[in-house]
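Have the viewer open, try each task, then compare with the solution.

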Amino acid sequence: MRIPRALMDVILAHARSGYPYEVCGVLLGRNGAGDRRVDRVVPVVNREQDSPQVRYEIAPEDLVRVQRDGRDEGREILGYYHSHPDHPARPSETDRRIAAEGLSDGVVHVVVGVEGGKRAAPSAWVFRDRAAAFEPEPLDIE
Amino acid sequence: MAVKVQIPAPLRSLTGGQSEVEVDASDVSGLIDRLDSRHRGLKERLCDADGNLRSYVRIFVNDEDVRFLKEKATPLKTGDTVAIVPAIAGGRG
């Protein structure tokens, strides 16, 4: 997945500012010939009510709005991002289990580990139904 | 009742890559059946064995969640836009 540095900075700043809570957002772009390039990042509110320090939820109402606006601009949803405060930048078992239950095949997830609200490190993954698991996705920050 | 249906990327392997399809249906239940007749396997991804919408699937008609309308009995009319939206959640714990 390719993403401009300025947009990755938006994601990392969101993850740091939201600490110690998880933050989340949507990655939009044009998915041409398997070449995923993010050209818009939309932070959304973490709707998880009970445990926002360790869980996130993107409200379907928010998602349908982002999807509609994206389509109006010729973009589509390529994936999502969320943060892991004081936790590694890789999908958790919770991430894997929920993705396996849902409609996630081929969808990119950027996971940002945030240490102490300061150091933020991203990684990218693609969920594959056939393996019921996330596979590492090369992350090209341009 | 021709309505446009927006297909999320994970289901496009069932629609031949189409991100939007047009279907004739008078309600959401009929729409799902028509979709499945043209794109076999879609209904199983959207509904459980009892025919209820799966918990991770949301269907919106003109930006209204059918859970707050009449669920699968929500009526459709020509020109409506239907969006199939996945529930997205997770986290470290």
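This is a predicted model: local features need pLDDT of at least 70, side-chain atom pairs count only at pLDDT 80 or more; totals for chains, interfaces and linings use all residues.

Residues are numbered from 1 along each chain as its sequence is written, while chains are lettered from A and ligands numbered from 1 in the order in which they are written.

**Exercise 1.** Work out the strand order of the open sheet in chain B and find its edges.

*Solution.* Count two strands as paired if DSSP finds at least two bridges between them. The five strands of this open sheet then come in the order 2-1-5-3-4, with mixed pairing. Strand 2 (20-24) and strand 4 (64-65) of chain B each have a single partner strand, so one side of each lacks a neighbour in the sheet. Next, look at strand 1 (residues 2-6) and strand 5 (residues 81-86) of chain B: they run parallel and are joined by three bridges. Here B:Val5 sits opposite B:Val82.

**Exercise 2.** Find the buried residues of helix 1 of chain B and say what they pack against.

*Solution.* Call a residue buried if 20 or more other C-beta atoms, placed from the backbone, lie within 10 Å of its own. In helix 1 of chain B these are B:Val28, B:Leu31, B:Ile32 and B:Leu35. Viewed down the helix axis, they fall within an arc of 100 degrees (using directions from the axis to the C-beta atoms), so they line one face of the helix. They pack against strand 1, strand 2, helix 2 (42-46), strand 3 and strand 5 of chain B.

**Exercise 3.** Describe the side of chain B that touches chain A.

*Solution.* Take two residues as in contact if their C-beta atoms, placed from the backbone, lie within 7 Å. On that basis, 22 residues of chain B are in contact with 29 residues of chain A. Strand 3, strand 5 and strand 6 (88-90) of chain B each supply at least two residues of that side. Finally, strand 4 (residues 56-58) of chain A pairs with strand 6 of chain B in the antiparallel sense over three bridges, with A:Ile58 and B:Ile88 as bridge partners. To sort this side of chain B by class, count Ala, Val, Leu, Ile, Met, Phe, Trp, Tyr, Cys and Pro as nonpolar, Asp, Glu, Lys and Arg as charged, and the others, Gly among them, as polar. The side of chain B that touches chain A has 13 nonpolar, four polar and five charged residues.

Key:
Helices (H or I, at least four residues) and strands (E, at least two) are DSSP runs, numbered from the N terminus. A residue is buried if 20 or more other C-beta atoms lie within 10 Å of its own, exposed if 12 or fewer, and partly exposed in between; C-beta atoms are placed from the backbone.
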